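These notes are for a colleague who is looking at this structure for the first time. Please read the points in order, with the model open alongside.

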Amino acid sequence: MAFGFSPKYTLDYQLDNIDKEHFLVIAIEAAHKLNWNVSFVSEKGFIAYTKLSWSSWSDEVSVIIDNGVATIKSECTGSQL
């Protein structure tokens, strides 16, 4: 059995020509179309959970918007093959 850190990935996206409200609406709509469970929404971002798959229990995806930058982070919430 292997032990270690949960896999995660973070990306910073510069919101050059789009206001944060518009970006947030598009991102939440994309999460719904991917059948993610959106569990928390605020004016600064949201948190969603992916569905179980053959290789992962679930991932927590967060989108936080601050100072014109959207930070998108995906982190495994359990075991992953």
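1. Contact here means heavy atoms within 4.5 Å. Axes are lines fitted to C-alpha atoms, for helices over the stretch in contact, and angles run from 0 to 180 degrees between N-to-C directions. Helices (H or I, at least four residues) and strands (E, at least two) are DSSP runs, numbered from the N terminus. With these terms, H1 lies across E1, E2, E3, E4 and E5, and runs at about 10° to E3.

2. On the source: the model is predicted, so local features need pLDDT of at least 70 and side-chain atom pairs count only at pLDDT 80 or more, while totals for chains, interfaces and linings use all residues. Residues are numbered from 1 along each chain as its sequence is written, and side-chain values use heavy atoms, with hydrogens and water left out.

3. The sheet is open and has 5 strands in the order E1-E5-E4-E3-E2, with antiparallel pairing; two strands pair if DSSP finds at least two bridges between them. Strand E1 (8-14) and strand E2 (37-42) are the edge strands, each pairing on one side only. On average, neighbouring strands of this sheet are turned by 10° against each other, direction ignored.

4. How many residues link E2 to E3 in their hairpin? The hairpin passes through 2 residues. E2 and E3 run antiparallel and are joined by 5 bridges, and Phe40 stands opposite Ile47 in E3.

5. Strand E3 (residues 45-49) is also joined to E4, again antiparallel, by 5 bridges. Across this pairing, Phe46 stands opposite Val63 in E4 and Ala48 stands opposite Val61 in E4. In a regular strand, side chains alternate between the two faces of the sheet.

6. E4 and E5 pair in the antiparallel sense over 8 bridges. They form a hairpin with 2 residues between them, and Asn67 in the turn has a positive phi of about 55°. Asp66 stands opposite Val69 in E5.

7. E5 also pairs with E1 in the antiparallel sense, over 7 bridges. Here Tyr13 stands opposite Ala70 in E5.

8. A search of the whole structure finds 1 aromatic pair. Rings of Phe, Tyr and Trp (its six-membered ring) pair if their centres lie within 6.5 Å; planes under 30 degrees apart count as stacked, over 60 as edge-to-face and the rest as tilted. The rings of Tyr13 and Phe23 have centres 5.8 Å apart and planes at 20°, so the pair is stacked. Because Tyr13 lies in strand E1 and Phe23 in helix H1, the pair ties together parts that are 10 residues apart in sequence.

9. A pocket is an open set of points on a 1 Å grid over the protein atoms alone where a 1.4 Å probe fits, with protein on both sides within 12 Å along at least five of seven lines; lining residues have an atom within 4 Å of a point. The lining of the largest pocket includes Phe23, Trp36, Phe46, Val61, Val63 and Ser74. Two or more lining residues come from each of helix H1 (20-33), strand E4 (59-66) and strand E5 (69-76), and H1 gives the largest share, 5 residues.
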